[in-house]
Amino acid sequence: MIEAVGHPLTKGATKNEMMKLMNYMNLNQHPVQLSFRKDRTHEFAEIYHAHQGMEILYVHEGHGHVVVERQIFELGPGTMFLFRPYQLHRVKMTDMSSHPYVRTLFVFEPSVLEAVLQPFANLLAFFRMLWKDPAASPVLMGPGRVEMEAWFRLHAESLQTSMSESLLEDQLLFLMSLIQRLRTSWPFDSTEIGGPSRPRASSTAEAIMEWIEAHYGEPFELDRLAQHVHLTPNHVSALFRRSVGSSITEYITARRIRQSCWLLRTTDQPVRAIGEAVGLSNFSYFCQAFKKHVGLSPHRYRHER
């Protein structure tokens with residue numbers, strides 16, 4: 001196994017603690033985190049999370065699905081996903097007793113890579129599309145791209161020998177090479193990743209997430225949601241958990257906390273006003289829920305930006 005290159009991706013926490021946390025990554029000290037071919041089978045925690053950097057996930061082994069942008073995508077060996085800054089997402093793996101989960105993960109501050117790409121107009125335009133275009137698919141690559149395995153291994157071994165003073169430069173050059181590799185294969189055939197057709201349950205779950213996106217700033221009423229998708233409340237709750245892997249309440253809370261993180265980082269709105277804007281009008285409860293999911297109080301999270 002090729003271990004992580006660079007700094008740890010998460011703060012020390014038990015698995016139970018990680019189940020409660022929205023992933024808080026501080027890329028201010030070192031803007032690139034690279035982890036090659038890491039076996040996460042016994043350390044994997046299914047949590048909704050969002051963070052300040054871009055994330056590229058490549059799956060070597062394992063099966064499951066990804067929830068991102070109110071859509072559900074199949075995940076398997078050879079698939080690669082991109083998650084934008086503060087984009088809420090969740091990876092759910094299935095049957096890890098028979099199918100270990102092995103992945104490569106890159107998290108980085110996009111503005112730093114953008115600066116490196118300035119001399120390369122076409123590559124810069126492609127990267128900005130991946131970074132900022134809301135219509136761009138989060139799926140970068142379908143299965144069958146086995147040559148990526150050898151390519152990742154080669155670069156991982158090279159980066160492991162980088163001197164500390166040149167590590168960031170070497171990491172950015174690697175990311176630039178990866179973006180170029182993706183550009184030459186874009187667009188790929190989306191039918192390779194399971195096609196546009198999904199089970200009806202997944203389509204209904206996506207409709208539920210669309211409704212939540214429009215109403216998460218309001219007090220949640222399960223009856224209203226059930227009426228919208230023409231199902232009973234019990235059926236809605238069971239279908240969502242079966243399709244997404246979490247309760248509706250967990251998803252709404254994660255969506256609210258994700259939005260509050262974004263507002264704390266990008267605006268000067270008072271913390272109390274941000275809590276109200278995301279549907280958590282009880283200020284004490286908002287602070288408590290935020291700290292439970294992020295690991296920091298809203299005030300401290302804003303201060304450390």
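Which exposed residues does the face of helix 8 turned away from its buried side carry? Keep that in mind while we go through this predicted model.

1. First, the overall picture. The protein has 12 helices and 9 strands. Of its 305 residues, 50% are buried. Looking at contacts with a separation of 6 or more, 75% of them link residues 24 or more positions apart.

2. Now for helix 8, which runs over residues 233-244.

3. The buried residues of helix 8 are Val 236, Leu 239, Phe 240, Ser 243 and Val 244. If you look down the axis of helix 8, these buried residues fall within an arc of 100 degrees, so they line one face of the helix.

4. Back to the opening question: the face of helix 8 turned away from the buried side carries Asn 234 and Arg 242, both exposed. Just after helix 8 comes Gly 245, with a positive phi of about 95 degrees.

5. Next, have a look at helix 3 (residues 121-132) and helix 5 (residues 167-184), which pack at an angle of about 85 degrees with their axes 10 Å apart. Angles of 65 to 115 degrees count as roughly perpendicular, and therefore helix 3 and helix 5 are roughly perpendicular to each other.

6. Who makes that contact? Helix 3 brings Asn 122, Leu 123, Phe 126, Phe 127 and Leu 130, while helix 5 brings Met 176, Ile 179, Gln 180, Leu 182 and Arg 183. Sorted by type, the residues of the contact of helix 3 with helix 5 are 7 nonpolar, 2 polar and 1 charged.

Note on methods:
Residues numbered from 1 in each chain as written. Predicted model: local features only at pLDDT ≥ 70, side-chain atom pairs only at ≥ 80, totals over all residues. Heavy atoms only, no water. Helix = DSSP H or I, 4+ residues; strand = E, 2+ residues; numbered from the N terminus. Expected span 1.5 Å × (residues − 1). Buried < 20%, exposed > 50% of the residue type's maximum accessible area, 1.4 Å probe, protein only. Arc of directions from axis to C-beta. Axes fitted to C-alpha atoms, helices over the stretch in contact; angles between N-to-C directions. Parallel < 35°, antiparallel > 145°, perpendicular 65-115°, else oblique. Contact = heavy atoms within 4.5 Å. Nonpolar A, V, L, I, M, F, W, Y, C, P; charged D, E, K, R; others polar.
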